[in-house]
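Hi there,

Here is the structure I promised to pass along. Have a look at it first, and then read on for what turned up.

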Amino acid sequence: MTSPLSCSASDLIPLLSSGANATAAAEFICGRFETISGKFTDASYAIDNTYLLFSAYLVFAMQLGFAMLCAGSVRAKNTMNIMLTNVIDAAAGGLFYYLFGFAFAYGSPSNGFIGTHFFAMSGFPKPSFDYPYFLYQWTFAIAAAGITSGSIAERTQFVAYLIYSSFLTGLVYPIVSHWFWSSDGWASPARAENLLFQSGVIDFAGSGVVHMVGGIAGLWGALIEGPRIGRFENRGKPVTLRGHSATLVVLGTFLLWFGWYGFNPGSFAIINKSYGTSPGSSFYGQWSAVGRTAVTTTLAGCTAALTTLFGKRLIDGYWNVTDVCNGLLGGFAAITGGCSVVDPWAAVICGFVAAWVLMGFNKLADKVRYDDPLEAAQLHGGCGAWGIIFTGLFADKTYVSEIFGGDPNRPYGLFMGGGWRLLAAHVVQIVVITGWVSVTMGTLFFVLHKLELLRIPSEDEIAGMDPTSHGGLAYMYTEEEIKNGIMVREVGRENEHV
């Protein structure tokens, strides 16, 4: 926000003639200055809110990316189901975030655990919270829910989607975002006092708040449900159940890449802020930090994609576009937490390690017979956790001071000479997010399982959820095409359900 222009009639009167109209002239000039200052203030609000609103549109476009990615990653007989769940994530999430979620997340003044104001957006707008801010935060909430849907795809009752999505966006996610993003949150870096380890947690755009929450929720859902039929042989050997469209996977990946430029740079919320000592004295400001954040985001994703490309080639002996797309997204998930406070060279390290984290967790998942059709828990949970550790290691002192202000000597990255405090705070974040989501979402999925509301019957799973639950297939197949193997076909020694 720009600083208001100031003018005092008492300061101007000595500069004017000592005539009878000197006082009136001074008051008139100052009145004009106050009008101009008001216009600048209005323009600043308009610029910042327009920037945030545009960022919200970009993040919302990620829902289309999630839908395309999910659709391409499942078999054709489950396409309508997974597409509908993405629509419901946005619709149910919108209503419950409006009623409760935003208040639990940002209802200030409040305590360190949960917000207590702005239920159903009462009291809007305020200088600190205008409508674009609500819209932007809603898009983050539904992104977390969309992550979870990928882990439990192809075997979950639709009513379970409705219940978990509402619960996640209305309660579980908002409380986590309050802890780390609200100025009242117990671990927030924006607290006025009593910062966790004198630094708070720097999870700028949500490697933990969004990605770990969604990933761990999906982990518990998939564990409680168990693997899809045919995913593992009797002796535990993994069987590939390929998604039906690499085209949709690539389309979804590029849409998510595009939306990430609203997700990470947009998390500044305001852009019209100078880092110079006086207005107009420097070309360097928050707009520069926004650009740097877009660059670090890009480099982390690109590095992770290329690392996955060659890594999978060395491990499996082939070039796989789906693996590369997931590697790219893993790099994005990892850099999200520290995107604003690290240099571009550090983002390359982030992406490189994220690719190996994802490949390692995928190998582990096969070993323990864990089935996640979109690798969501490994990608968002695993790479998100690495991103939190990465920020504690590589956060730059100057960037931390510019963005978060306060004590100029506040802790920053361990490898950058900032000591261990920021890293310690981030370890705490990983532990509390894992615990909170495990207790809440794990319990919810377990209760749904006991009530027989979680997993669909085996005969419906084999036939496909589209014909059994949604009135027909997503694509127009003839009986002859189905007989010739559109639904199930034998390829080599693997059963690939299309």
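By class, the residues lining the largest cavity are 10 nonpolar, three polar and no charged ones. Before going further, please keep in mind that this is a predicted model. The cavity in question is the one cavity of 30 Å³ or more that the structure holds, and it contains about 100 Å³ of space. Its lining consists of 13 residues, and the closest to its centre are Phe 66, Leu 69, Leu 374, Ala 376 and His 380.

Next, the salt bridges. How many are there in the whole structure? A search finds nine.

Two other salt bridges may interest you:

- Asp 316 pairs with Lys 312, and their closest N and O atoms are 2.8 Å apart. Both residues lie in helix H8, four residues apart, or about one turn of the helix. Asp 316 counts as partly exposed because its relative accessibility is 28%, whereas Lys 312 counts as buried because its value is 16%. The cut-off for buried is under 20%.
- Glu 461 and Arg 455 meet through their side chains at 2.9 Å, N to O. Here Glu 461 has a relative accessibility of 3% and so counts as buried, while Arg 455, at 24%, counts as partly exposed.

Helix H8 (286–316) and helix H10 (344–367) each supply at least two of the patch residues. Ile 315 is found in helix H8, and its relative accessibility of 41% is why it counts as partly exposed.

The backbone has a few places worth a look as well. Most residues other than glycine have a negative phi, and most peptide bonds are trans.

- Ser 108 and Pro 109 are joined by a cis peptide bond, with omega about 0°. Pro 109 is in the loop between helix H3 (79–106) and H4.
- Phe 124 and Pro 125 are also joined by a cis peptide bond, with omega about -15°. Pro 125 is likewise placed in the loop between H3 and H4.
- Asn 194 has a positive phi, near 55°, and is a residue other than glycine. You will find Asn 194 in the loop between helix H5 (158–181) and helix H6 (207–225). With a relative accessible area of 60%, Asn 194 is exposed.
- Glu 452 has a positive phi of about 60° although it is not a glycine. Its place is in the loop between helix H13 (421–450) and helix H14 (458–463), and at 66% relative accessibility Glu 452 counts as exposed.

Gly 221, in helix H6, is buried, with a relative accessible area of 0%. Gly 221 and Asp 372 are 151 residues apart in sequence, yet their C-alpha atoms are 9.7 Å apart in space. Gly 291, in helix H8, counts as partly exposed at 30% relative accessibility. From Gly 291 to Ser 340 there are 49 residues in sequence and 9.3 Å in space, again C-alpha to C-alpha.

Best wishes

Notes: Residues are numbered from 1 along each chain as its sequence is written. This is a predicted model: local features need pLDDT of at least 70, side-chain atom pairs count only at pLDDT 80 or more; totals for chains, interfaces and linings use all residues. Side-chain values use heavy atoms; hydrogens and water are left out. On a 1 Å grid over the protein atoms alone, a cavity is a set of points where a 1.4 Å probe fits but cannot get out, and a pocket is an open set with protein on both sides within 12 Å along at least five of seven lines; lining residues have an atom within 4 Å of a point. Grid points are joined across faces, edges and corners, and a volume is the space filled by probe spheres set on the points. Ala, Val, Leu, Ile, Met, Phe, Trp, Tyr, Cys and Pro count as nonpolar, Asp, Glu, Lys and Arg as charged, and the others, Gly among them, as polar. Buried means under 20% relative accessible area, exposed over 50%, partly exposed in between (1.4 Å probe, protein chains only). A salt bridge is a side-chain nitrogen of Lys or Arg within 4 Å of a carboxyl oxygen of Asp or Glu.
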